[in-house]
Each structure stands twice: as structure tokens, then as C-alpha cells.
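I opened this structure for the first time today. These are my notes on what I looked up.

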Amino acid sequence: MKLSVSEPGTVITFYSYKGGTGRSMAVANVAFLLARQSVDASRRALVMDWDLEAPGLHRFFANRLDQTEIQDRPGIIDYFHALVQLLEEKGKLYHKLVNDPEGWQILDQMLPLDKYAIDLGAGLDFIKAGRVDDPQYPQQVSSFDWVDFYEDYGGIIRVFREMLAAKYAYCLIDSRTGITDISGVCTTLLPEKLVAVFTPNRQSLYGLRNVVEQAVAYRRASNDFRPLAVFPLPSRIEEAEQKLKQEWRSTYQQEFQSWFQGVYGVKDCDLTAYFDEVQLPHVGYYAYGEHIAVLEERGDVRSLSRAYQTFSERLIEFDFAWAGTEEDEIGQMIETYQQDLAVARQATDPHREANTLGNLGDAYLARGEPYRAIKFYEQALLIFDDIDDRRGEGYALANLSNAYLALDERQRAVEYQQEYLEIAREIGDLRWEGNALGNLGNVYLDMGEIKRAIECYEQALQIFQDIGDRDKEAGALSGLGLAHLALGQTQRAIDYYGQHLTIVRQTGNRRSEAEALGNLGSIYADLGETDRAVETYQQYLSIARDLGDPRSEARALFKLGEIEYKRGQRSQAIDRVEAALKIYKQLDDMEAVKLAYQQLDAWR
């Protein structure tokens with residue numbers, strides 16, 4: 001497991017201009033889907049009810065909540081009342097929270113979010129609007145002035161958002177309808193992605209326009225350099241009225257294409273493929289009560305469950321609704337960033353210019369053009385240096401290291417990573433320091449400088465243990481296992497892999513668990529401990545299948561076949577490798593296919 005700069009989770013707001021769109025039902029269904037398929041299995045998903053005036057999301061989870069939780073557990077409005085009281089009592093705290101790089105951690109220590117989160121199971125937490133059955137609840141909501149809060153403590157919204165993104169892989173927000181102070185917070189300040197839920201009528205559709213345009217315009221003009229991507233979600237589509245369905249499909253597709261061309265500056269915005277896939281059918285059964293389709297029905301082609309699955313996949317796979325392929329998506333991102341760069345330069349805003357140059361570098365690196373990425377990172381670095389933004393310099397240096405590593409120029413990668421390490425130590429950011437040391441360990445290991453790699457991994461391990469980052473601790477242990485194995489110190493490698501395995505099982509990170517099992521299985525096989533090797537690879541195979549990871553499944557099958565052949569189980573070994581071969585063909589991995597055929601020819 002290679003260490004890298006930690007990637008924050010994604011905040012996604014679901015908004016509808018009018019009620020009756022099925023927005024809350026969509027939030028509940030998508031929340032369970034994202035909790036299942038979280039990329040970072042060690043972090044959960046969170047769903048929050050911000051419809052404070054008309055809360056109801058908790059009713060979708062009624063069979064997972066007891067009455068005590070509903071009555072006694074505090075919620076969003078309680079959290080922000082407590083936050084204001086905390087900031088008023090401790091006059092210097094606000095300045096510390098908004099200026100300290102680890103401000104979100106300080107906030108979470110002083111006002112723990114876990115106190116408000118309810119475990120729904122299946123990797124999903126829920127924070128309700130508040131104690132909705134309490135007679136004092138309406139007064140709690142009406143007495144909180146969001147405008148005054150933002151004027152006095154606006155910077156804390158960013159800290160709160162960073163806390164959500166650090167603690168959860170996905171955070172879904174069920175926003176208030178209409179144009180309100182709360183919906184403004186939910187649509188403009190918190191999310192990276194905004195799901196615009198609507199039904200095919202003019203009130204629902206055209207009411208979205210101003211909200212969408214204002215949210216995107218605010219984000220692009222602000223100092224918040226995250227993109228805000230809008231994903232339309234047509235809901236309650238009646239299949240029986242095919243003529244009306246096609247007429248309205250044409251209407252809302254043209255409207256969103258026009259809106260996106262205006263607010264994003266996209267020249268060619270074709271949402272045909274998007275709306276071919278994304279629409280929620282009206283199903284009479286779900287008009288009664290609060291049901292979660294993805295937990296109740298099979299994902300048949302025309303089912304509501306399948307519609308939610310299709311939308312969820314689109315939502316997490318693409319950065320923009322109009323993206324049809326990865327290449328198209330990156331190209332559109334580059335176009336958007338170039339427009340942002342022109343705006344930043346015209347406004348003589350060096351900080352925004354440097355951040356946008358970094359975004360362009362990221363996009364070109366993702367498209368496999370490291371040389372072009374380096375040019376943008378270098379420009380960003382120069383600007384950050386001129387304005388004395390050491391944290392910005394650190395980001396640029398870490399990105400330059402990654403770009404040179406993509407070019408296989410390891411020595412240049414090491415040099416930039418060392419500069420990144422110096423800045424981390426200078427500003428006292430232990431997490432950055434641990435990341436830099438882990439990255440250096442990875443590069444040294446690739447370069448064959450094993451002892452230097454071990455030194456870096458050991459320092460990183462100590463830091464991550466000190467700050468309580470279990471995921472990164474596990475990564476450092478994995479690196480130490482690889483390094484000691486390279487030195488032929490097999491038992492030490494087994495010890496480190498075993499510690500790695502223990503942690504990832506405790507944190508529930510199934511992908512890392514599979515990785516650790518694969519590493520241990522390989523060592524046991526090399527040592528001739530075939531019973532332990534088979535047992536380990538069988539666990540690896542089971543997890544790979546649970547995760548839907550065909551490449552890992554094929555690897556486990558192939559390795560089990562090799563071991564079984566050595567044990568004289570020829571027929572069983574051939575079956576295993578034939579099963580792996582079938583998967584490799586599906587993956588179009590011709591090198592692996594060739595190797596599998598060679599192995600089968602040798603055994604037959």
C-alpha cells in the first residue's frame with residue numbers, strides 16, 4: 001500500500017426548489033448505495049437532514065432507529081447552537097480554528113460530531129435535524145439566525161466542511177427546499193456536487209435555474225477553489241405517458257444544456273447520454289410510506305432500485321454531468337480551469353491563479369501528460385513562492401514529485417519530495433510530514449535503496465501512530481513489510497504484514513485486507529508452507545469476490561492453482577487457472593492470458 005497525500009471525502013447536497021419531488025427518498029437510497037461502494041472502506045458515509053423547518057428524513061430509517069434515538073439524540077440545529085455558544089465563550093477559538101491547518105480536528109475534539117451521529121449499520125451514519133418531537137424544537141430552529149452566524153463566524157463553515165470530508169468518504173445533505181438561508185449554506189458553501197432534483201413541471205424545473213446559477217457563480221467568484229458540479233435528477237417520471245415523457249425530456253434536457261453552457265462556459269454540452277441513463281420512474285408502491293428501494297427490491301432493468309444505482313454510479317464516477325467518457329471529462333475540466341485561470345489573471349488574484357494552475361496540472365497528469373502537468377505545477381510554485389504561501393508551495397512540490405515519478409525520473413521525484421518534507425516540518429504539519437516520509441519510502445524502495453526506505457517508513461510509522469491515523473499507520477507497516485522482504489528478512493516481513501492485517505481488519509478496510517493477505521500468501525508459498533498459503537489465498541479470494549474485484553480474484557485463483565499443482569492436485573490446479581484465464585480474457589489483459597496459457601500447456 002503506497003502512501004500519498006490524503007484525499008478528502010466528497011460532500012454532496014440534494015436540493016429541490018419545490019417539495020414532492022422525492023428528494024429525501026433519493027438521498028436515503030443513494031446514501032446506502034454509496035456506503036456500500038465507498039472507495040475508502042475504512043471511512044463511512046454520512047447522511048444529514050438539513051431540512052430543519054420540515055424534517056422527515058429520519059422516517060426512512062425508522063426500522064433502524066429506536067424511539068430513544070429519535071427523541072434524545074441531538075441533531076444539526078443542536079450542533080450549531082452549541083457551536084455558537086462555544087465560540088462566544090472562548091473568544092480566541094474562532095481565530096485558531098480558521099487559521100490552524102488542523103482546525104477541524106480541534107473543532108471535533110471540542111464539539112465531537114460522533115455525539116450527534118447515529119449508526120444505521122451498513123457503513124452509514126445519520127445526523128437528524130434535531131430533537132424533532134421536542135416542543136422546543138420549532139423555537140430552536142426559528143431563533144437561529146444563519147445570516148448573523150455567517151457574518152460573525154463565516155470561516156467556521158469551511159472548518160466544518162473539512163471535518164466532514166476528513167471523517168467520511170461521502171457526506172450527503174438533504175437540503176431545505178426553496179430559497180432560504182439554510183438552502184444557501186447547503187447549495188453554495190458545503191458541497192462539491194449539487195444534485196438538482198425535479199419533476200417534469202415548470203414550477204419544479206424553472207425554480208431550479210436561479211439557485212443553480214447563483215450557486216455556481218458564487219463558487220467561481222469565491223476563494224473556495226473546489227469545483228461545484230451540478231447533477232440534474234429528473235424524478236417521478238411516468239412511463240405510461242410516453243408522448244408527454246418525450247416532450248418533457250426534450251424540454252428539460254435543452255434547459256440544462258443551456259444553463260450549463262452559461263454558468264460553466266462549456267461550448268458543447270450534450271446531455272443526451274446522461275438523461276438516457278438518469279431518471280427516476282414513478283412507482284406507485286413508493287408513494288405510500290417511506291421505503292428504501294435499494295434495500296427492498298432486486299435491481300431489475302426497469303426498477304426504481306436500478307435507477308438509483310445508475311445515478312449513483314454516474315454521480316461518483318464523473319466530475320460533471322455532461323462527461324461521457326473519462327477523456328471527455330478531463331477535457332471539459334481543462335477547459336473550465338483555463339477559463340478560471342483567465343478570470344483570476346484579469347482580477348489580479350495570484351492565490352486563485354496559483355490554485356487554478358495546480359488544478360490544470362492535476363488534470364493533465366490524470367490524462368497521462370506529465371510534461372504538461374509539470375509546466376503548470378512549476379508556474380504555481382513560483383506564484384506561491386512570490387506570495388509567501390508555504391502551504392501552497394508544499395502542494396506544488398508534492399505534485400511535481402508525483403509528475404516526475406510518472407516519468408520514472410525517481411531522483412527528481414525524491415528532490416521535490418524532500419522539499420515538501422522540509423515545508424511540512426517548518427509549518428509543523430505532522431500529517432504532511434508523515435505523508436512525505438511515506439512517499440519517500442515508496443520511491444527509495446522502487447530505487448532499490450532499501451535501508452533508506454526503511455528509515456523513512458519507520459519515521460512515518462511513528463508519526464501516524466502519534467496522531468492516531470490508523471490507515472496511514474497500516475500503510476507504513478505494509479511498506480516496511482515490502483522493504484524487509486526485499487532484504488530477504490522474511491520473518492520480519494511476515495511480522496509487519498501481520499500488523500498491517502490486524503489494523504485493516506479493525507478499521508474495516510477490505511481492500512487493504514485483501515492486499516495484506518495477498519502479500520502473506522505469497523511469502524507462505526515461497527517458504528513452502530502450503531497449508532497456510534492456501535488458507536490465506538482462499539481468504540484473499542473471498543474478499544476479492546465480495547468487493548467485485550476481478551483482477552484480484554484472478555490473481556488469487558492463479559496462485560491457488562500453482563500451489564495445488566505443487567501438492568499434486570493437478571486437476572484442481574487446472575480448473576483454478578482456467579477460471580483465472582476466463583477473467584483475464586474479460587479484462588483484455590493479454591499478458592496475463594499468455595502466462596495462463598503457458599502454465600496450462602506445461603501442466604497438461
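This is a predicted model: local features need pLDDT of at least 70, side-chain atom pairs count only at pLDDT 80 or more; totals for chains, interfaces and linings use all residues.

Residues are numbered from 1 along each chain as its sequence is written, and side-chain values use heavy atoms, without hydrogens and water.

Overall form. I looked up the secondary structure and found 28 helices and 7 strands in the protein chain; helices (H or I, at least four residues) and strands (E, at least two) are DSSP runs numbered from the N terminus. For 604 residues a compact globule would have a radius of gyration near 25 Å, and the 26 Å of the protein chain agrees with that. The radius is taken over C-alpha atoms, and the rule is 2.2 Å times the number of residues to the power 0.38. The C-alpha trace spans about 70 × 60 × 55 Å along its principal axes.

Burial. I read that 53% of the 604 residues count as buried, meaning under 20% relative accessible area with a 1.4 Å probe, protein chains only.

Cores. A nonpolar core is a set of buried Ala, Val, Leu, Ile, Met, Phe, Trp, Tyr and Cys residues joined through side-chain atoms within 4.5 Å. The largest one has 158 residues, and F14, F61, L172, Y308 and F311 have the most contacts inside it. Helix α1 (residues 23–36) gives the largest share of this core, 10 residues. I then checked L172: beyond its neighbours within four places in sequence, its contacts (heavy atoms within 4.5 Å) include I12, F14, V27 and M48. A second, separate core of 46 residues includes W104.

Notes
Buried means under 20% relative accessible area, exposed over 50%, partly exposed in between (1.4 Å probe, protein chains only).
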